[in-house]
Amino acid sequence: QVLLVFAEEDEQSNGFRWACDKAGFRCNLARTPQSALECFLDKHHDIIIIDHRHSRYFDAEALCRSIRTMKASENTVIICVVQRHTDREESSILPLISAGFTRRYVENSSRMACYNELIQLEFGQVQAQFKLRACNSLFTALEKSQEAIEITSEDHVIQYVNPAFETMMGYQIGELIEKELTEVPIYEKKADFLDTINSCIKIGKEWQGMYYAKKKNGDSIQQNVKILPVIGQGGKIRHYVSISRLCNDNNKVEKTCECIQAESQTDTQTCRHKDMRKGSLDVRSTTSRGSDGSSQRRRSSMARVHSMTIEAPITKVINIINAAQESSPMPVAEALDRALEILRTTELYSPQLGTKDEDPHTSDLVGGLMTDGLRRLSGNEYILSAKQTHQVAGSLSSPISLNDIPPRITQAMENEEQWDFDIFELEAATHKRPLVYLGLKIFARFGICEFLNCSESTLRSWLQVIEANYHSSNSYHNSTHSADVLHATAYFLSKERVKQTLDPIDEVAALIAATVHDVDHPGRTNSFLCNAGSELAILYNDTAVLESHHAALAFQLTTRDGKCNIFKNMERNEYRTLRQVIIDMVLATEMTKHFEHVNKFVNSINKPLAALEENGNNGDGESIKTVLRSPENRILIKRMLIKCADISNPCRPREQCIEWAGRISEEYFAQTDEERRQGLPVVMPVFDRNTCSIPKSQLSFIDYFIIDMFDAWDAFADLPNLMEHLNNNIKYWKGLDGRNLRVLRPPP
């Protein structure tokens, strides 16, 4: 609100009135000092502009003094409008300041000049006064605090003490304000103890501990004290805040002192910097050291304002690095600064992209698989065709029994326990229904019906329902892909290291998760669904859209009909545990967290196991078991298992690898075609069926997503045959690319 005090209307007063209207400020106009005082008492304006050009009307300085006598004007900005003099020397502003004016305005009736003045006032003095008004509430809190609080300047001159401090120390506030802090914290009068405190607080760190202080009457009292430096102008320490609490016999505090990094130094900068793929951060192993000491310190802390922040593992890491910086030479300190910038980003596990030489195939794959789409650029709505109805048990024909499988299908599944098993031969033999048959055989081999306490007919019905809800029209994400992932999952579960690690319930969860992990997949990526504003994207808030849908629909299909409910005879708690694991594994197939899962696996499992082997503990079963069997690590292993099963195509025998490459490329081509038809953002432009190089796209995918992940998985599960296939397939794709061929196979 603005109050204009002008005896007569003129260009200057009209300029300010126009400026108030333009700025959206409420404006009042007073012609006399009396009406100005009455109006201010009623409205409490933020800005008062007084005309000082014509002394014959009223005394502007006397009016300003009168306003300043009112308590309501404490945070009011008062402007003095003075005449423009070009023929004499500039007059001093001190008399105006003494009268109570905030600043002067040399007359200029230009409307924009008036408007600019008001805007500068709003974002300058007025905003500062708002902050000062807010200080009253802070001082009220300090006045009512039961802890003794003392604030000193950077030179240790006392500026404020609260009533609790007066009561504790026996002083009145008037005896302390503006006096030097002569009674410094004393603990058994040891000079090294004082040096410890000063060495902390002078470099911007808070100190916490216990010391004896003298009251006014000479008595010594034992206090638990925290001293916090406050960083102000120029990044320097401008104040020290001391918070004290009496120690009593029932609540003795351990006689230790601490240095804790002041939050105000480090909490303002954030930097979006992505971690490079090859340099994973061993967050878990770093944060585990000293955690017991940290918890003891937290328990002994008086002020727990930041306790939740301190609890976060990443904060512990940052504090450790900050402490290491202090005694490090400059090059090391600068390197640690860069490390801190990386740690403060939310994208800790995503490789950095975007350089001018970046492979476009890699960029498009990352954009298409690891993001949730761009902003919608059209009004088109994409609705899944499968949204209309989902197949249920009652609508399907009677499932065949495991004992009645036709000979051709039985023959196609003879070597299903081997990695080189040909899923496409089974696809042909079953007329694109491989999931039911392979599922029956693998689930029987692992005793799934016995674990779930369900009949084989229920399992058969369930497999049929799930397979019916895969889209056979998709070239890649169909039930053959699901059967392929199920086969890979079963193969990994048979590896000795994996068997040592997982419980029967984990095996059951893994096989079920593999079966349902892409159910009702529309053959389009998450980015496409988000850009198209699909119902699923809206339902799941553009986050892990498909994976959330697969998991949710799988349980809906299973539990809605008793004929196919494989969980109906499970005990409640066991079902909840199984459900939780299945959901977690399905969600792990979402690619946005690919590098997070891989890096956590490497740092929490590969590296500790390698360290045990290097230290000669190869035969120490207990040490290995500790690494493998911890609940956190078992979760990481299950996630890694299904991730590797889901994108294991490059590790299959060459002909299978080529077939899968053709199928996924066709699905991406179809998506690009539809994006262009609908006017949507094209998330993977390189997948244009007329120009795409399939060998290049495969090499980019393998280099970016596959190599590191399967190196880590092979180191854990021992998979030499997969790695041999992978190397052979890389050579194959490089051979085609080297001949500038864009197709799946060389010409005859």
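This note sets out points on the fold, the helix packing and some individual residues of a predicted model.

1. Basis of the note. The model is predicted, and local features need pLDDT of at least 70, side-chain atom pairs count only at pLDDT 80 or more, while totals for chains, interfaces and linings use all residues. Residues are numbered from 1 along each chain as its sequence is written, and side-chain values use heavy atoms, with hydrogens and water left out.

2. The chain as a whole. The protein chain contains 32 helices and eleven strands. Helices (H or I, at least four residues) and strands (E, at least two) are DSSP runs, numbered from the N terminus. Of the 748 residues in the protein chain, 48% are buried. Here buried means under 20% relative accessible area, exposed means over 50%, and partly exposed lies in between, with a 1.4 Å probe and protein chains only. Among contacts between residues at least 6 apart in sequence, 71% join residues at least 24 apart; a contact means heavy atoms within 4.5 Å.

3. Helix α22. This helix covers residues 504-516 and has 13 residues. From its first C-alpha to its last it reaches 19 Å, close to the 18 Å expected at 1.5 Å a residue; the expected span is 1.5 Å times one less than the number of residues. Helix α22 is mostly covered, with twelve of its 13 residues buried. Among these buried residues are Ile505, Val508, Leu511, Ile512 and Val516.

4. Asp506 within α22. Asp506 is also placed in helix α22. Is Asp506 buried or exposed? Its relative accessible area is 1%, so Asp506 is buried. Leaving aside residues up to four places away in sequence, Asp506 touches Arg634 and Lys638.

5. Packing of α22 with α26. Helix α26 (residues 572-588) packs with α22 at an angle of about 50°, and their axes are 9 Å apart. Axes are lines fitted to C-alpha atoms, for helices over the stretch in contact, and angles run from 0 to 180 degrees between N-to-C directions. The two helices, α22 and α26, are therefore oblique to each other. Angles under 35 degrees count as roughly parallel, over 145 as roughly antiparallel, 65 to 115 as roughly perpendicular and the rest as oblique. The crossing of α22 and α26 is right-handed; a crossing is right-handed if the near helix is turned clockwise from the far one by less than a right angle, and left-handed if anticlockwise. In α22, Ile505, Val508, Ala509, Ala510, Ile512, Ala513 and Val516 meet Glu574, Thr577, Leu578, Val581, Ile582, Met585 and Val586 of α26. These residues divide into twelve nonpolar, one polar and one charged. Ala, Val, Leu, Ile, Met, Phe, Trp, Tyr, Cys and Pro count as nonpolar, Asp, Glu, Lys and Arg as charged, and the others, Gly among them, as polar.

6. Packing of α22 with α19. Helix α19 (residues 456-468) and α22 pack at an angle of about 35°, with axes 10 Å apart. Trp462, Leu463 and Ile466 of α19 make the contact with Ile512, Thr515 and Val516 of α22. By class, the contact of α19 with α22 has five nonpolar, one polar and no charged residues.

7. Packing of α27 with α29. Helix α27 (residues 594-614) and helix α29 (residues 631-646) pack at about 130°, with their axes 10 Å apart. They are therefore oblique to each other, and the crossing of α27 and α29 is left-handed. The residues in contact include His597, Phe601 and Ile605 of α27 and Leu636, Ile637 and Met640 of α29. The contact of α27 with α29 has six nonpolar, four polar and three charged residues.

8. Asn729. This residue is in helix α32 (residues 720-738). Its relative accessibility is 1%, so Asn729 counts as buried. Not counting residues up to four places away in sequence, Asn729 touches Pro650, Cys651, Arg652, Arg654 and Cys657.

9. Residues in loops. Lys432 lies in the loop between α16 (423-429) and α17 (434-445), and has a positive phi of about 65° although it is not a glycine. At 53% relative accessibility, Lys432 counts as exposed. Asp718, in the loop between α31 (694-717) and α32, has a positive phi of about 65° and is not a glycine. Asp718 counts as exposed, at 52% relative accessibility. Gly24 is found in the loop between α1 (11-23) and β2 (27-30), and is exposed, with a relative accessible area of 63%. The C-alpha atoms of Gly24 and Gln1 are separated by 9.4 Å, the two residues being 23 residues apart along the chain.
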